[in-house]
Amino acid sequence: PGSVGGATWTGDGTIVMSGTVDGKAGLWAFPERGGEPHAVLLAEEKTHFHGAHALPDGRGLLATLHARPEMRVSVLADGKLTALFAVKTNFYVEPMYSSTGHILYYRGGSNRGLWARPFSLDTLELTGERFLVAANSGGASVARDGTLVYTHADDPSKRRLVWVDRQGEILETIGSYQEGFATPSLSLDGGRLAVRDGEWGNDDQNIWIVDVARGTRTRLTSAERSESYPTWTPDGRRVLYVQNISEDVDHVMIVNADGTGEAQKLAESAWASLSPDGRYLITQVEGEKTGTDLWVSQLEGDGEARLLVGTAAHESRGRVSPDGAYIAYQSDESGRSEVYVKRFPSGEGKWQASVNGGSWPRFSPKGDELFWRNEGTLMAVDVETVPTLRLGTPRALFDWKPEEMLQFDVAPDARRFVLVAPEKEPEATPNEVMLVENWLAGL
């Protein structure tokens, strides 16, 4: 039992795949007619392989070793794994050998496309510098006679921050197009945005501050790590964010919004938010016998965290209402993600806000509405808190495409939303399958 992929025939009746078998990550060999696998090479801790490609005449294997924050294109020969070059990306680089004497591979980010490196089959070493074969392309396969087939699409990585109204109509763009905008967060006065930006698919994605009126942006953090989910302190003087340390470790950091001083670690969590008064920090932690649980701690004092919401399901994305009396969060206790509300900070009571799915909850600044996303649809429900919590009937505001870009924040007047939008409409960037005979001659 396990999960495998990236298969290649070695030519001797064996198929080699990358993946995990019985909890062990590595390269695995299977008889092509069926049978039990055996390990060709096991990955070291915190690493795993992506893809495998057999070199001609049994010379060895090409494979990609994923060792965050980079992918290492490597050659395995005579039981020894040798790294050839590294690509700092989260995308699979899919290396393959071409009879022209090259390694073809995919690279994501700002130089997205199909690339090549000259390579000697005799010495199993690189013999030249990389060069671009086809921009904005990937999913390649090459035949022995040099025929190359690959997929091509316009670059989807450039994004823009936009204001949209309650019908989803774009009112204006904030600033210029950038590489990887995501997880926008408005300051309470609506004048500044904290947003993740960086080369799409790479780990050096940092937090930037955008002046909403002027459209200018200033880098806030510069660590060579993936950083996301910024949120403002109530006074607008500091920004919280999550910094990825390793595959299963994330730190909640806080830094001055003007860039002065050093960032400080507050907790270990893949998500964090603050109560409106700035007293409480809400984090999510993987339980030993439960799913992801929500915890709360006071920023002042001993900072000791206590369990707020913890079940066998996964609770996450906790957000406290503006009056500090309730917390909205998402949970999959029903079998799918829904948005729920509990009293805060006691964690008592429970009301289900969403119907037929919900995630990414956000209260309106006045606390009279609760918003969430249901796949690509922005939903809303009216909220009353006096004398007790009452939720209205959920209603759809608008649909947004691509669905994964429905990461939003609410303007102070709740009449507009900040969203991330692609540079081009998805319908304008179809995939095409390209076939090139004797690909090297064309370059």
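Student: Why is the pair Arg166 and Glu369 called a salt bridge?

Tutor: The term needs a side-chain nitrogen of Lys or Arg within 4 Å of a carboxyl oxygen of Asp or Glu. In Arg166 and Glu369 the closest N and O atoms are 2.7 Å apart. That value is within 4 Å, so the pair qualifies.

Student: What are these values based on?

Tutor: The model is predicted: local features need pLDDT of at least 70, side-chain atom pairs count only at pLDDT 80 or more, and totals for chains, interfaces and linings use all residues. Numbering starts from 1 along each chain as its sequence is written, and side-chain values use heavy atoms, leaving out hydrogens and water.

Student: Which parts of the chain does the pair Arg166 and Glu369 tie together?

Tutor: Arg166 sits in the loop between E16 and strand E17 (170–178), and Glu369 in strand E35 (residues 369–374). Those parts are 203 residues apart in sequence. Strands here are DSSP runs labelled E, of at least two residues, numbered from the N terminus.

Student: What makes Asp197 and Arg217 a salt bridge, and where do they lie?

Tutor: Their side chains meet at 2.3 Å, N to O. Asp197 is in strand E19 and Arg217 in strand E21 (residues 217–219), 20 residues apart. Asp197, at 3%, counts as buried. Arg217, at 30%, is partly exposed.

Student: How many salt bridges does this rule give?

Tutor: The count comes to nine. One of them joins Glu338 and Arg336, at 3.0 Å, N to O. Glu338 is buried at 2%, while Arg336 is partly exposed at 42%. Shared partners also join Arg166, Glu369, Asp382 and Arg395 into one network.

Student: Why is Arg317 left without a salt bridge?

Tutor: The nearest side chain of opposite charge, Asp250, is 9.5 Å away. The limit is 4 Å, so no salt bridge is counted. For charge, Lys and Arg count as positive, Asp and Glu as negative; His and the chain ends are not counted.

Student: What makes the pair Arg317 and Tyr229 a polar contact?

Tutor: The side chains are 3.2 Å apart. A polar contact is a pair of N or O atoms within 3.5 Å; within protein, one must be able to donate a hydrogen and the other to accept it, and residues adjacent in sequence count only if both atoms are side-chain atoms. At 3.2 Å the pair falls inside that limit, so it carries the name.

Student: Why is Tyr150 called buried?

Tutor: Its relative accessible area is 10%, so it falls under the 20% limit. Tyr150 lies in strand E15 (residues 148–152). Tyr150 and Leu435 are 285 residues apart in sequence, but 6.7 Å apart in space, C-alpha to C-alpha.

Student: What makes a set of residues a nonpolar core?

Tutor: Its members are buried Ala, Val, Leu, Ile, Met, Phe, Trp, Tyr and Cys residues joined through side-chain atoms within 4.5 Å. The largest has 30 residues, of which Trp400, Phe408, Phe417 and Leu419 touch the most other members. E40 gives the most to this core, with five residues.

Terms used. Buried < 20%, exposed > 50% of the residue type's maximum accessible area, 1.4 Å probe, protein only. Helix = DSSP H or I, 4+ residues; strand = E, 2+ residues; numbered from the N terminus.
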